[in-house]
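This report describes the contact between two chains and then turns to one residue. The structure is shown first.

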Protein chains: 2
Amino acid sequence: MSDKRLAAASEENLFRIFTIPEAPDSTLARIEQEVSQNLDGFLRDNIVAVEKPLSEIEQDFQDSVVPEHPQFVSALADELLDKLVAQSVHTSSPSFIGHMTSALPYFLLPLSKLMVGLNQNLVKIETSKAFTPLERQVIGMLHRIAYGGTRTEAHNDQYYKSVMHSADTSLGAFCSGGTVANISALWIARNTLLGPNGSFKGVSKEGLFRAMSHYGYSRLVVLVSERGHYSLGKAADVLGLGRQDIVSVKTDENNKICIESLEQRITELKAENAGILSLVGVAGTTETGNIDPLDKMADIAEREGIHFHVDAAWGGATMMSNNQRPLLKGIERADSITVDAHKQMYVPMGAGMVLFKDAHSTDVIEHHAEYILRKGSKDLGSHTLEGSRPGMSMLVYACLKVMGRSGYEMLIDRSIDTAKYFADLINAEDDFELVSEPELCLLTYRYVPKVVKDYMETCDAEEKHIINELLNDLTRFIQKKQRESGRSFVSRTRLTPKAHDGQTITVFRCVLANPLTTKDILKDILAEQKEIAKESWRSLPAILKKIASL
Amino acid sequence: MSDKRLAAASEENLFRIFTIPEAPDSTLARIEQEVSQNLDGFLRDNIVAVEKPLSEIEQDFQDSVVPEHPQFVSALADELLDKLVAQSVHTSSPSFIGHMTSALPYFLLPLSKLMVGLNQNLVKIETSKAFTPLERQVIGMLHRIAYGGTRTEAHNDQYYKSVMHSADTSLGAFCSGGTVANISALWIARNTLLGPNGSFKGVSKEGLFRAMSHYGYSRLVVLVSERGHYSLGKAADVLGLGRQDIVSVKTDENNKICIESLEQRITELKAENAGILSLVGVAGTTETGNIDPLDKMADIAEREGIHFHVDAAWGGATMMSNNQRPLLKGIERADSITVDAHKQMYVPMGAGMVLFKDAHSTDVIEHHAEYILRKGSKDLGSHTLEGSRPGMSMLVYACLKVMGRSGYEMLIDRSIDTAKYFADLINAEDDFELVSEPELCLLTYRYVPKVVKDYMETCDAEEKHIINELLNDLTRFIQKKQRESGRSFVSRTRLTPKAHDGQTITVFRCVLANPLTTKDILKDILAEQKEIAKESWRSLPAILKKIASL
């Protein structure tokens with residue numbers, strides 16, 4: 001009955017979708033019930049095990065015409081189940097350890113629905129009311145985790161009381177994700193470096209061309225290790241620097257920025273009269289999970305008067321573990337920090353944050369309009385890159401309260417323990433090679449049959465190079481096959497480890513943040529990879545031949 | 001029982017929030033039930049009628065320390081109801097006609113939950129699979145609404161079949177909202193205008209400073225009417241133009257860009273050797289809802305070879321009404337178009353889109369990384385400003401299917417009819433002045449007692465000016481009081497209408513997009529405003545005196 005309400009496109013029928021809820025026996029209500037009661041079961045039952053090739057999936061999404069007539073909600077629900085959900089990715093599966101998306105706490109499901117139902121718009125108080133102070137509070141809490149505590153006495157109760165809800169200050173900003181957070185941080189760094197000066201009204205008003213001319217810089221650069229996230233290149237492009245102005249500093253054997261190289265680059269850049277917009281430390285590189293020596297970088301930034309940004313999109317949550325916090329020593333000296341709550345804070349997609357040490361940082365990007373964001377207002381939109389935004393801060397708040405700092409600590413410590421266990425497992429296997437050790441809960445490795453491993457220890461550089469190329473093919477093959485078979489998923493990336501004389505090799509990449517990933521699952525993943533490798537033997541005659549020739 | 005599971009922060013207990021759903025008798029389950037079955041009732045019951053001052057609300061959001069220990073979900077739920085929901089805004093109320101957020105169709109609630117449960121990440125196929133072709137399809141559908149049909153024969157079935165899912169092309173991009181959409185469009189315009197040329201590798205690689213030097217432009221500007229959205233200033237700042245490089249073109253008495261002034265500005269800009277990055281047409285100005293003469297602007301853009309962008313964040317959905325579509329004539333000639341599905345497409349917050357006429361437009365912003373967005377991949381993240389993004393396209397798709405084009409047409413036509421009805425109502429009242437007529441479903445007006453109105457027709461300019469200032473106070477007073485009393489809400493803005501010789505006056509601003517807003521509600525809103533005005537008489541002695549002196 002309720003599903004038939006849209007049989008005809010009458011005005012009356014159309015109103016019903018705004019006023020009459022889904023019937024309890026409707027397909028959509030059934031989906032919702034299953035999602036609420038057993039999310040993992042629902043996803044396992046409804047996502048097909050064996051992946052269809054993308055080109056086949058695309059066949060279901062060919063129609064480019066908006067349908068002329070309304071359609072039953074039930075028909076839509078069936079269609080979405082068949083076409084979309086069936087071919088989506090079970091990102092919260094404990095055996096899908098290839099990406100940064102993990103399981104979600106159950107209480108976030110009803111809360112997400114409440115958030116959508118409330119449909120607040122955080123751009124201004126008029127459309128968000130209490131959500132505005134809530135968001136400021138959540139930012140305050142994260143800010144205090146980063147900058148407060150015993151580390152800087154200045155950041156005490158009194159400080160937060162005075163700045164958290166002030167119209168003149170901003171401890172940070174919510175945004176859709178790490179990319180916008182990084183752009184926001186560098187935007188502020190740019191506008192601060194090229195601020196008003198004498199008759200020059202600042203880059204914000206007069207633009208980058210006039211700013212560079214005024215300040216006499218030959219170029220404007222961002223310094224970051226070669227493991228920096230690709231969003232920094234995008235940020236440079238957007239902000240009017242060139243992508244070539246992301247100056248890549250080489251990393252040491254642990255994928256951390258090499259301080260000597262950094263010093264050298266700074267000397268060179270100063271000599272060519274380049275403006276250094278920001279020095280970016282990475283706290284959890286996307287590819288290996290390593291953390292730059294932030295404290296040493298902060299020393300350099302301080303000495304040189306350079307803006308220091310830490311991209312902790314992935315690793316930022318680690319600050320909540322007192323046990324692991326020392327790994328991030330120095331982050332409290334950063335001018336700005338990017339943290340994604342949708343990564344290791346277990347919040348759904350779309351919850352990025354940027355924190356500012358100085359609560360007046362955002363003055364250089366403040367903007368106003370006639371109908372909102374009036375001067376002196378507390379509208380959050382006056383200092384965010386985005387405009388209209390949903391109330392995601394409620395979900396972050398909920399997680400902080402329900403898990404508590406100690407709960408996050410437990411989750412984070414456990415993730416790292418799991419990664420270390422997996423590293424031990426890989427090291428104990430004859431046919432695998434651990435490529436990067438887990439510092440946080442991320443590691444990389446590859447499959448290398450023992451005979452090949454042994455041979456590589458004796459052969460010359462040229463042979464080694466050839467074998468590595470063949471192993472790269474094998475890694476790609478195994479990763480793809482494993483993904484397609486649907487039981488488990490690891491991702492892959494390319495690294496140039498010292499151990500392979502700088503040759504770029506393809507590796508499996510695992511993120512062990514899902515608390516439901518068990519030791520048995522990890523054993524199974526390795527076993528499956530060995531199985532696939534064996535099957536693929538015939539499809540890799542070159543390696544076979546090479547082995548045979550040993 | 002289920003609520004007690006987090007009494008102690010044991011690892012076992014923490015796991016339960018990932019594995020055991022909310023108990024059916026829990027507070028959160030009850031909230032969810034109410035939201036699902038009677039959203040309006042839930043919001044009316046739980047949002048307090050009379051608004052607390054923000055400073056009081058802030059008292060509930062003072063704690064800057066992340067709680068050390070886990071907390072019961074039930075305690076959190078109670079807290080959120082008391083502190084947050086109670087003091088939030090009933091944005092979907094039919095009597096809240098002051099903002100662009102409207103009622104949501106019921107079926108989006110369970111679908112939103114499904115979206116969160118699936119937690120796909122649209123940055124790449126590995127974490128979104130079928131959601132990627134779905135998003136491409138939704139963009140394709142909107143693209144065809146904008147550019148296809150009988151208007152351009154080139155955009156037929158065959159065209160969409162060939163480009164919609166191609167790795168080399170992109171018909172648009174999803175993003176969090178109109179601001180990011182506008183920035184994306186202007187980013188592309190900038191990188192196209194300042195592309196590779198001879199030995200110059202393009203602004204994307206070499207940066208804006210070198211690009212301007214290479215091309216010899218004195219400055220880079222964006223042309224838009226003075227009614228352009230404030231996000232364009234932000235876009236200019238972010239992209240390295242100055243905010244002063246947003247060249248404001250004056251509008252005619254209907255708040256549409258004045259073509260003569262536009263021509264004149266172009267002539268001046270060419271004379272000073274400025275590069276014109278983009279001419280931006282507004283399809284639904286935020287403050288008055290008017291649409292620029294897009295077709296004439298397209299003529300000029302074509303003649304001058306200027307990128308033509310249409311900011312249809314709010315008005316874009318109007319394209320789906322065949323009856324109203326002529327209002328947007330010329331939009332199909334735009335190089336890019338911004339549309340927010342969370343405005344007149346009735347989708348929850350966070351669903352912006354930008355469409356590109358030329359499916360190769362995004363080549364100039366394409367970026368890659370080692371582990372995702374590899375060359376030749378169909379990962380959406382290779383040409384979006386944002387990185388990780390949720391699967392909002394599913395909600396847009398659902399609306400397109402369930403409402404159909406004709407359903408949207410009905411909603412849009414009805415909104416405009418409602419606005420026209422309200423305008424008639426205002427015109428029929430002695431004590432109100434309609435300031436801007438509704439072209440779409442947005443209008444502005446103010447309260448002016450008849451005696452004052454009559455007097456203003458006879459008095460001199462100076463007196464008129466004084467009275468207008470007093471009326472501005474009165475408008476602000478009424479708007480604030482009405483909002484605080486909680487029964488209804490109109491917003492306010494400032495305009496400089498011709499009828500008042502360019503004096504800036506404060507007006508009520510109404511958006512009539514909520515299909516549940518009835519004629520009676522509109523009558524009540526006017527009645528309430530008159531009531532408040534009468535009460536406020538004593539607090540506005542100056543006007544009283546003025547009236548008395550008549």
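## Polar and charged pairs across the interface

Across the interface of chain B and chain A, the rule finds 14 salt bridges, each being a side-chain nitrogen of Lys or Arg within 4 Å of a carboxyl oxygen of Asp or Glu. In one of them, the side chain of Lys113(A) meets that of Glu32(B) at 3.6 Å, N to O.

Between chain B and chain A, 68 residue pairs are in polar contact, both residues at pLDDT 80 or more. A polar contact is a pair of N or O atoms within 3.5 Å; within protein, one must be able to donate a hydrogen and the other to accept it, and residues adjacent in sequence count only if both atoms are side-chain atoms.

## Basis of the model

This is a predicted model, in which local features need pLDDT of at least 70 and side-chain atom pairs count only at pLDDT 80 or more, while totals for chains, interfaces and linings use all residues. Residues are numbered from 1 along each chain as its sequence is written, chains are lettered from A in the order in which they are written, and side-chain values use heavy atoms, with hydrogens and water left out.

## Extent of the interface

In chain B, 173 residues are in contact (heavy atoms within 4.5 Å) with 172 residues of chain A. The two chains bury about 15200 Å² between them, 64% of it on carbon and sulfur atoms; this is the accessible area (1.4 Å probe) lost on being put together, summed over both.

## Glu535(B)

Glu535(B) counts as partly exposed because its relative accessibility is 47%, between the limits of under 20% for buried and over 50% for exposed (1.4 Å probe, protein chains only).
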